[in-house]
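This report looks at how two protein chains meet in a model. The structure comes first, followed by the text.

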Amino acid sequence: MTGKTVTRADLAEAVFREVGLSRNESAKLVESVLGLITDSLAKSESVKISSFGSFSVRMKGQRIGRNPKTGEEVPILPRKVLVFRASHVLKDQINGETSADEADAAPEYSPSDPSS
Amino acid sequence: MTKSELIQRLAEMYPDPRLYHRDFERVVNKVFDEISAALARGDRVELRGFGAFSVRARGERVGRNPRTGESVNVAKKHLPFFKTGKELRERINQG
């Protein structure tokens, strides 16, 4: 774990090194990728990126909330929330690389053996 | 929208004769590969206005086999998380 934060600039730099385009054009392409995903989600259309994950929009009903300062009850209006579900490929990648050094510390979970 | 549709839409936005469909495919793959690689290193990915990806640790716990009721140890693991950015959240709730 290096504890760094990756930003748009890092993604643009990676695209720049991958494709023979200028840094400026690479940055525009990264922005357009995010823009297209945003446009799709704004129409409540889900976005599925294979081996990465899926973004979908879920409807939340109205509920009663409370102002934590005054204790006053206020209605929280119905709204839409974005849900990200990571794919198994991404989950496995994260666990393969970040917890390899701890793999021997805990017994591995394995589904029950059908033969036993 | 699937990844292939995203690649198609991106290609339509840039009618540049120097760029082939393959190039847009590489661009899109690179973006998600970079995010995945960053998360695998334990890094955060912060895309202002869009959202932030991070990795959270889940401790070891005792789970149960739902079929047999038998206790099993579930090893600690890391899970990816996404927090929606302010602008994206507002776009989703518009209209």
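What follows describes the interface of chain B and chain A in this predicted model.

**Extent of the interface**

Contacts link 54 residues of chain B with 55 residues of chain A. Between them the two chains bury about 5200 Å², and carbon and sulfur atoms account for 67% of that area. On the side of chain B, the residues that lose the most area to chain A are M1(B), H78(B) and I92(B), which together make up 13% of what that side buries.

**Polar and charged links**

Chain B and chain A have 16 residue pairs in polar contact, counting pairs with both residues at pLDDT 80 or more. The elements of chain B that give two or more residues to the side touching chain A include the helices α1 (3–13), α2 (21–40) and α3 (86–92), and the strands β1 (44–47) and β2 (51–58) are also among them. The largest share of this side, 15 residues, is supplied by α2(B). By residue class, the side of chain B that touches chain A divides as follows.

| Class of residue in chain B | Number of residues |
|---|---|
| Nonpolar | 29 residues |
| Polar | 8 residues |

Salt bridges across the interface number 5. One salt bridge joins R26(B) to E18(A), with 3.3 Å between the closest N and O atoms.

**Strand pairing between the chains**

Strand β1 of chain A, residues 5–6, pairs with β1(B) in the parallel sense, over 2 bridges. Within this pairing, R44(B) of β1(B) stands opposite T5(A).

Definitions and conventions:
Residues are numbered from 1 along each chain as its sequence is written. Chains are lettered from A and ligands numbered from 1 in the order in which they are written. This is a predicted model: local features need pLDDT of at least 70, side-chain atom pairs count only at pLDDT 80 or more; totals for chains, interfaces and linings use all residues. Side-chain values use heavy atoms; hydrogens and water are left out. Contact means heavy atoms within 4.5 Å. Buried area is the accessible area (1.4 Å probe) that two parts lose on being put together, summed over both. A salt bridge is a side-chain nitrogen of Lys or Arg within 4 Å of a carboxyl oxygen of Asp or Glu. A polar contact is a pair of N or O atoms within 3.5 Å; within protein, one must be able to donate a hydrogen and the other to accept it, and residues adjacent in sequence count only if both atoms are side-chain atoms. Helices (H or I, at least four residues) and strands (E, at least two) are DSSP runs, numbered from the N terminus. Ala, Val, Leu, Ile, Met, Phe, Trp, Tyr, Cys and Pro count as nonpolar, Asp, Glu, Lys and Arg as charged, and the others, Gly among them, as polar. Two strands pair if DSSP finds at least two bridges between them.
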